[in-house]
Amino acid sequence: LAASTSTLNCSTCSAFAPSARQQYKIGTNNVNKRRTAAPPLNAKTLEGWKIDGIVKPVNNFILIQKEKEQSQSDGGILLSNSAKIKKTEGKVISTGPGKAHPDSGKLFPMPVSPGENVVYGKYDGTEITIDGNKFSLIRDDDILVKYSANGNESESPSLTTETVEVVNDCVLVSVRTKEEETSSSGLILSAPGGSDKKRPSTGTVVKVGPGRMGASGELLPMGVEVGDEVKFLDFAGNEVQIGDDDYSVVKM
């Protein structure tokens, strides 16, 4: 049958790892029974194919409903389609059960739940279209930070230092830029224009993730805590802006 007219009748259609070709599993259930299943996403079309079933991620993949692209600049200038600012954040629709530890086979716990919002890397994930809507399929390792509605479900979630959390064995660092360095007399010092292009690699830890799971299934302790001053490798952190302030997400 031609792709435009074929119909897949399935009890479960599972979204897979990103690839150049569309992939399905039909009539299988990859969710571990010990974990709470994510709410099903019933779909009629997936990447232009007609389907009739539930679409959900497998392994450590996460289905994200993307934020709308920014159609105008901060100064109010309307942007063309090619210049629109793509948001690398969105709401978690569903998650896979998690990937298995290579030694023990225990499942790594998924760090997010449906309904939470996440920010992920600019070049991470694969865009997919379900029922005409744009989604992203990312891995749990692609998540930089997550945030929610600060305990009030009636409010729209917003990314603030109060609502933001880091996942796994990552830390959120409030970075210190060259412009913020001061002399002993208190004068603000700035580097000569264009003389230092390196990204900030020092700062203060403001959030600490729960840690990485070991082979036994227990979380390994983190080596830093909130308030610590840290220096990390150049370009090791992923930049995140919260409000007007710059932060880096650093993997331990």
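Colleague: Which residues does aspartate 246 touch, not counting residues up to four places away in sequence?
Modeller: In this predicted model, aspartate 246 has its place in strand β15, which covers residues 245-251. Once residues up to four places away in sequence are set aside, the residues that aspartate 246 touches are Val173, Ser174, Val175, Val240 and Gln241.

Colleague: For the protein chain, what share of contacts between residues at least 6 apart in sequence join residues at least 24 apart?
Modeller: The protein chain has 15 strands and 0 helices, and 35% of its 252 residues count as buried. Among contacts between residues at least 6 apart in sequence, the share that join residues at least 24 apart is 63%.

Colleague: Which residues line the largest cavity?
Modeller: A search of the whole structure for cavities of 30 Å³ or more finds 1, and the largest cavity holds about 30 Å³ of space. By class, its lining has 4 nonpolar, 2 polar and 1 charged residues. The residues that line the largest cavity are Arg199, Pro200, Phe232, Phe235, Ala236, Gly237 and Ser248.

Colleague: Is phenylalanine 235 buried or exposed?
Modeller: Phenylalanine 235, one of the residues lining the largest cavity, has its place in the loop between β13 (229-231) and β14 (238-242). Although phenylalanine 235 is not a glycine, it has a positive phi of about 70 degrees. Its relative accessibility is 55%, which is over the 50% limit, so phenylalanine 235 counts as exposed.

Colleague: What is the relative accessible area of aspartate 131?
Modeller: Aspartate 131 is found in the loop between β8 (126-130) and β9 (133-139), and has a positive phi of about 50 degrees although it is not a glycine. Aspartate 131 counts as partly exposed, because its relative accessible area is 35%.

Colleague: Which residue lies over the face of phenylalanine 108?
Modeller: The count of aromatic pairs comes to 0, but a charge over a ring is a separate matter, for which the limit is 6 Å from the ring centre. At 5.7 Å from the ring centre, the residue over the face of phenylalanine 108 is lysine 99.

Conventions:
Residues are numbered from 1 along each chain as its sequence is written. This is a predicted model: local features need pLDDT of at least 70, side-chain atom pairs count only at pLDDT 80 or more; totals for chains, interfaces and linings use all residues. Side-chain values use heavy atoms; hydrogens and water are left out. Helices (H or I, at least four residues) and strands (E, at least two) are DSSP runs, numbered from the N terminus. Contact means heavy atoms within 4.5 Å. Rings of Phe, Tyr and Trp (its six-membered ring) pair if their centres lie within 6.5 Å; planes under 30 degrees apart count as stacked, over 60 as edge-to-face and the rest as tilted. A charge sits over a ring if NZ of Lys or CZ of Arg is within 6 Å of the ring centre and within 35 degrees of the ring normal. On a 1 Å grid over the protein atoms alone, a cavity is a set of points where a 1.4 Å probe fits but cannot get out, and a pocket is an open set with protein on both sides within 12 Å along at least five of seven lines; lining residues have an atom within 4 Å of a point. Grid points are joined across faces, edges and corners, and a volume is the space filled by probe spheres set on the points. Ala, Val, Leu, Ile, Met, Phe, Trp, Tyr, Cys and Pro count as nonpolar, Asp, Glu, Lys and Arg as charged, and the others, Gly among them, as polar. Buried means under 20% relative accessible area, exposed over 50%, partly exposed in between (1.4 Å probe, protein chains only).
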